[in-house]
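Colleague: Put the model up and we'll go through it piece by piece.

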Amino acid sequence: MRLSQFHLATVKEIPADAEVASHRLMLRAGMLRKLAAGIYTWSPLGLRVLRKVETVVREEMNRAGAIEMLMPSIQPRELWEETGRWQQFGGQLLKIRDRKDQEYCYGPTHEEVITDFARSELKSYKQLPVSFYQIQTKFRDEIRPRFGVMRAREFLMKDAYSFHLSPESLAATYRVMFDAYSRIFTRLGLRFRAVQADTGAIGGNASHEFQVLAESGEDAIAWSDGSDYAANVELAEALAPATQRPASSAALQRVDTPDCRTIEEVSAFLGVDATRCVKTLLVRGKDGLVALCLRGDHEINEVKASKLDELPGVSELASEAEILDATGTRPGFLGPVGLPASIPVIVDRSAAVLGDFVCGGNAEGSHYTGANWERDAQMTRIADLRKVVDGDPSPDGQGTLHIARGIEVGHVFQLGGKYAQAMGATVLDENGKARSMLMGCYGIGISRIVAAAIEQNHDEQGIAWPDPMAPWNVAICVINSRQGTRAQDAALALYDQLRERGLDVLLDDRGLRPGPMFADIELIGIPHRVVVSDRGLDSGTYEYRRRGESENRSLSHDALLEMLVAANA
């Protein structure tokens, strides 16, 4: 590609709302242009990168035995009513009406559509197992789209679905897809971890997320330094402390704590470490309010809490009015001592081993010291309620947990029978009996991968693409191209030679001064830069620099060719 014939529109100014590096650099490099909140136009430059990712994903999906297809982005309400998700999916589901007043949604995912396809097309166990995939635009009406394409409303996704007759067959394909995902992210040059994850709104029996490691990541990942254990913090189990609860040694005493509502304020006021305090949260349960008690320095894990039998599948804090009506006090002074017997008290494992602790006094401006379980406060049961923290023991018993930040770019699910049963998707087994199929679901955020790669690979000069994702492998920069034909001819000859050897090459023949020319090439992240000039030709060399290196190298024609071909093999 000759850059003089390409649309490249780099800019220096970027909008103030571009909060993360990938958003800023994609705008500066001219890869994106905002059309509306969370909706972007991909420029020719951005599309080249997007297609590079697509190619790797498609090759590995085909290698894994999945069959490509294309489903509609607009889906009828009736399908979503069959699975109960028309209401359950929430505000992210963009609902629309046609001229006949029929209701549809713009697909955020395609479980219903593929299940409808399968129940029509698959009739016999002999057709199973089978996997289908597509690469297509999705839309989720994010309440706060941000971070550019990292959390956009419209995005490009690869979603695959597999169908099976037995759990063993589902598990085998799940492993095949897991391995395919690992190959995809390895081929793209990304540093990633596969972590155990919650199944969330998609549902199912088991799932793993593929997280690109980056400080800007929205997700927290817990990983063990003694094994290959890794899980999203939402799912990671916090083991019970090895210590036993000590016998009580202090009397229960109510103390005044004026204006002390938070653990930090109470801890500082009383001179007691937060680890010696218990905080109490009141949430809405199936049959009234439920109290959740944690150690003062720990945070509630809402995903774990939502799965408690006493809760309706979601963890929602009670309103101040509800708390006042049930306990006679306001948030900030709640505690397990003296709570009404009608409120179940579920205590986190770490809080359950505390003795002589500090807790809310259930009266405005007061707390208890010297509180103890069973003697002063009754607990209904003990459960794992908290987020794990750095230094916790690994749930598999090997090593210690550490916390890293990650960007979710892929997610694989064992859906089981959730969708097939709801929609009556069956096949005849070897005995001629109708059997409901089991399903797997496997998604990759293709447009998000582009942003995640930038978060992992950038510097002050701009993007530093891994070779497989770069819009071009090599940029040939011609110096003084308007003052003569010698450098131009040599650059064109090199351009043709590299292309013949299978490299994707950019020829910068715009005639810019070296400074602006090099700045553009570094900003858009081309891995290899070659400068062709009369001075270099006089000495029989070309000036080469690898993106991210600080020094140029002078290489002969043959040495340059050998090195570039080897680097992109």
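Colleague: What covers the buried residues of helix 14?

Modeller: The cover includes helix 1, strand 25 (462–463), strand 26 (474–478), strand 27 (505–508), strand 28 (528–532) and strand 29 (542–546). Helices (H or I, at least four residues) and strands (E, at least two) are DSSP runs numbered from the N terminus, and contact means heavy atoms within 4.5 Å.

Colleague: Ground rules before we go on?

Modeller: This is a predicted model, where local features need pLDDT of at least 70, side-chain atom pairs count only at pLDDT 80 or more, and totals for chains, interfaces and linings use all residues. Residues are numbered from 1 along each chain as its sequence is written, and side-chain values use heavy atoms, with hydrogens and water left out.

Colleague: Back to helix 14, then. Which residues in it are buried?

Modeller: M517, F518, D520, I521, E522 and L523. Buried is under 20% relative accessible area, exposed is over 50%, and partly exposed is in between (1.4 Å probe, protein chains only). After helix 14 comes G525, with a positive phi near 85°.

Colleague: Take F518. Buried or exposed?

Modeller: F518 has 17% relative accessibility, so it counts as buried. Its place is in helix 14, residues 514–523.

Colleague: What is F518 in contact with, leaving aside its neighbours within four places in sequence?

Modeller: C477, I479, R529 and V531. The charged end of R529 sits over the F518 ring, 4.0 Å from the ring centre. That call needs NZ of Lys or CZ of Arg within 6 Å of the ring centre and within 35 degrees of the ring normal.

Colleague: Step back a bit. How many helices and strands are there in the protein?

Modeller: The protein has 16 helices and 30 strands. Its C-alpha trace spans about 95 × 70 × 50 Å along the principal axes. Of its 569 residues, 51% count as buried. Looking at contacts between residues at least 6 apart in sequence, 69% join residues at least 24 apart.

Colleague: Helix packing next. At what angle do helix 1 and helix 12 pack?

Modeller: About 105°, with the axes 8 Å apart; helix 1 is residues 21–28 and helix 12 is residues 446–456. Axes are lines fitted to C-alpha atoms, for helices over the stretch in contact, and angles run from 0 to 180 degrees between N-to-C directions. The two helices are therefore roughly perpendicular, a label for 65 to 115 degrees; under 35 is roughly parallel, over 145 roughly antiparallel and the rest oblique.

Colleague: Which residues in helix 1 and helix 12 meet?

Modeller: From helix 1, A21, S22, L25 and M26; from helix 12, V450, A451, I454 and E455.

Colleague: And how many residues of helix 12 are buried?

Modeller: 11 of the 11, so helix 12 is largely enclosed by the rest of the structure. The buried set includes R448 and E455.

Colleague: New topic, aromatics. How many aromatic pairs does a search of the whole structure find?

Modeller: There are 12. Rings of Phe, Tyr and Trp (its six-membered ring) pair if their centres lie within 6.5 Å; planes under 30 degrees apart are stacked, over 60 edge-to-face and the rest tilted. Take F178 and F210: their ring centres are 5.2 Å apart and their planes at 55°, so the pair is tilted. F178 belongs to helix 6 (residues 167–187) and F210 to strand 10 (residues 206–213), so the pair ties together parts 32 residues apart in sequence. F178 and F210 are both buried.

Colleague: Which residues form one aromatic cluster with F178?

Modeller: Y181, F185, F192 and F210. Y181 is also among the residues in contact with K158, and so are Y133 and Y442.

Colleague: Where is K158, and is it buried or exposed?

Modeller: K158 is in strand 8, residues 154–164. K158 is buried, at a relative accessible area of 0%. G443 is 285 residues away from K158 in sequence but 5.6 Å away in space, C-alpha to C-alpha.

Colleague: What about phi of D259?

Modeller: Positive, near 65°, in a residue other than glycine. D259 sits in the loop between strand 13 (253–256) and helix 7 (263–270), and is exposed, with a relative accessible area of 71%. D356 also has a positive phi, about 50°. D356 is partly exposed, at 22% relative accessibility.
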